[in-house]
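I hope it is handy to read with the structure open beside you.

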Amino acid sequence: MSPLLDVRNLRVSFPTPQGRAEVVKGLSFTLGRERLGIVGESGSGKSMTGRAILRLIRTPGRQEADRLAFDGIDLTTLSERRMRDLRGARISMIMQDPKFSLNPVMTVGAQIAEALLTHETLARRDVQARVIEMLHAVRINDPERVTGLYPHEVSGGMGQRIMIAMMLIPQPDLLIADEPTSALDVSVQAQVLDLIDELVRDKGMGLILISHDLQLVARYCDRILVMHAGQVVESCAAADLHKARHPYTRGLLAAVPRMEETRDELPVLDRSAWSGT
Amino acid sequence: MSAISLKNLDISYGPTKVVQGVDIEVAEGESFALVGESGSGKSTVLKAIAGLAPEWTGEISVLGQPRGHMVDHGFARRCQMVFQDPYASLHPRKTVDAVLSEPLQVQGIGNRGRRVVEMLAAVGLDTRFRFRFPHQLSGGQRQRVAIARALMLEPRVMLLDEPTSALDVSVQAEILNLLKRLRREQGLTYLLVTHNLPVVSFMCDRMAVMNKGRIVEIAPATALHDGSFQDPYTQSLYAASGGNPDRKDI
Ligand SMILES: Nc1ncnc2c1ncn2[C@@H]1O[C@H](COP(=O)(O)OP(=O)(O)OP(=O)(O)O)[C@@H](O)[C@H]1O
Ligand SMILES: Nc1ncnc2c1ncn2[C@@H]1O[C@H](COP(=O)(O)OP(=O)(O)OP(=O)(O)O)[C@@H](O)[C@H]1O
Ligand SMILES: [Mg+2]
Ligand SMILES: [Mg+2]
């Protein structure tokens, strides 16, 4: 059986005054119906990797791959129209900037309803009920009020959860979640990630969880890729993260503030130790 | 004199009142945290202080000057805000260089090029980002530009709305160290919104906890060491954040 996602030698580049710069430099991995975490420093290429899987790199950016296949479908040669049908219905991505990705002139309720209708045909009343139920599931208080709000009228954490609701409601086969819970406190974060986890377990959804939070990725993923400067520098089972050897991974573990913080300064990474960019 | 004084502050958006009866006094040079439930009104409080949520009643004053309901141009020099949503707060068609030098230009400050370069270095951004547009940056890089912009005018009071939540912990550590150093050297005052309690422990002296538009508790940040909070909502927030794993005996 072919894997859910097969990525070989993925490259993303942008023109710069110094010539074309590669920001993803030959990434390869396969994903089954499992949970893959991608962690790495700011600017290391995590979001670009997620976008490239959906073929969402905008010109003048360019993406290339020896192979990019989803459920046996070759995405590199698929027409733009068929690609659009896949996006949102079978592959969803929770973008890092939720408010930017929501339609500013459409109410939250209408947008979630639209996402639902790409997946099934339902009577209007049932649509509304499902939308409210989904907002409940992502722990939005007072979902009836929130369906009538526009994106600029919701708080940062509400925006993230609305985006998550919208991406989960069509029950995709693959979910790419880019920093999906960075604006949420730990308790809401756990509830939302448990919901995603349920879909992985019960519906066999594949998950790529992009995050800068090592603890979170270790808890919600099976495998972890650590990226740096466009490349994978370490790959391990989530359970073995504490044994990580790359200086970047080790440095990250030390820089996390503690509940009883007595240090006057947090340790920072000596980037010159391994980075050439 | 308090750096920030809020008295009996109510804030509404149209017919809905989202913040009620907020009283906070932040001393000069203090670092004060605002934490609490998502949607409880934390960003709204910061926006009202910055003059971006005009429907309020009560009293707001910054460095002893009462804030009116109008836009106040001298205000920018004294008080700057870093927004939760850096994408929305950066102009899409302005380069990083323009974003950082404009406030200097408006205030008639010279030596702009050098100041821009120094500030980029201070927030850990290479000079190759200087002439890029926001959409050519990663999420964390944009966030650092927003922080740099707020620091350009060397304000005395900073309103920081989740300034490091989009950053990996290594970059977060650099930014927090920078903010802490500026406060030590220049006596800056911070009002910091975050959902990350360990960040409060590192950065702040006191914290106010918000729930459903109201402040339910104001406590010293050292209460995070042993969880000595009074309010049930604060207690549950603390427990959900894992308490203090270094003191499991408590
Ligand atoms: N349009 C563009 N032109 C040039 N460079 C770009 C462009 N868009 C992104 N980049 C660069 O590509 C690199 C990778 O960006 P990406 O958004 O994937 O980072 P990331 O790992 O998601 O970081 P973060 O954790 O900060 O979100 C960054 O250094 C960024 O500056
Ligand atoms: N422009 C607006 N119009 C109407 N309601 C708004 C507007 N902006 C915010 N609200 C509402 O005000 C309430 C408080 O929002 P606010 O952004 O202050 O929350 P927050 O505490 O910062 O939450 P988060 O931690 O999720 O960012 C929310 O219920 C939100 O829907
Ligand atoms: Mg990113
Ligand atoms: Mg907010």
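1. Across the interface of chain B and chain A, 12 residue pairs are in polar contact, both residues being at pLDDT 80 or more. A polar contact here is a pair of N or O atoms within 3.5 Å; within protein, one must be able to donate a hydrogen and the other to accept it, and residues adjacent in sequence count only if both atoms are side-chain atoms. On the side of chain B that touches chain A, α7(B) gives the largest share, 10 residues.

2. A word on the basis: this is a predicted model, in which local features need pLDDT of at least 70 and side-chain atom pairs count only at pLDDT 80 or more, while totals for chains, interfaces and linings use all residues. Residues are numbered from 1 along each chain as its sequence is written, chains are lettered from A and ligands numbered from 1 in the order in which they are written, and side-chain values use heavy atoms, leaving out hydrogens and water.

3. Back at the interface, chain B contributes 46 residues to the contact and chain A 39 residues, where contact means heavy atoms within 4.5 Å. The two chains bury about 3,500 Å² between them, 53% of it on carbon and sulfur atoms; this is the accessible area (1.4 Å probe) lost on being put together, summed over both. In chain B, the residues losing the most area to chain A are S38(B), V169(B) and H195(B), together 16% of what that side buries.

4. There are 3 salt bridges between chain B and chain A, a salt bridge being a side-chain nitrogen of Lys or Arg within 4 Å of a carboxyl oxygen of Asp or Glu. R184(B) and D264(A) meet in a salt bridge at 3.9 Å, N to O.

5. Within chain B, E30(B) and R206(B) form a salt bridge at 2.6 Å. E30(B) sits in the loop between β2 and β3 and R206(B) in strand β9, so the pair ties together parts 176 residues apart in sequence. E30(B) is buried at 9% relative accessibility, whereas R206(B) is partly exposed at 28%. Buried means under 20% relative accessible area, exposed over 50%, and partly exposed in between (1.4 Å probe, protein chains only).

6. Do look at the magnesium ion (ligand 4), coordinated by S43(B) through OG and Q84(B) through OE1 at 2.0 to 2.2 Å. Donors are N, O and S atoms within 2.8 Å of the metal (3.2 Å for Na, K and Ca), and water is not among the atoms, so sites may look incomplete.

Conventions: Helices (H or I, at least four residues) and strands (E, at least two) are DSSP runs, numbered from the N terminus.
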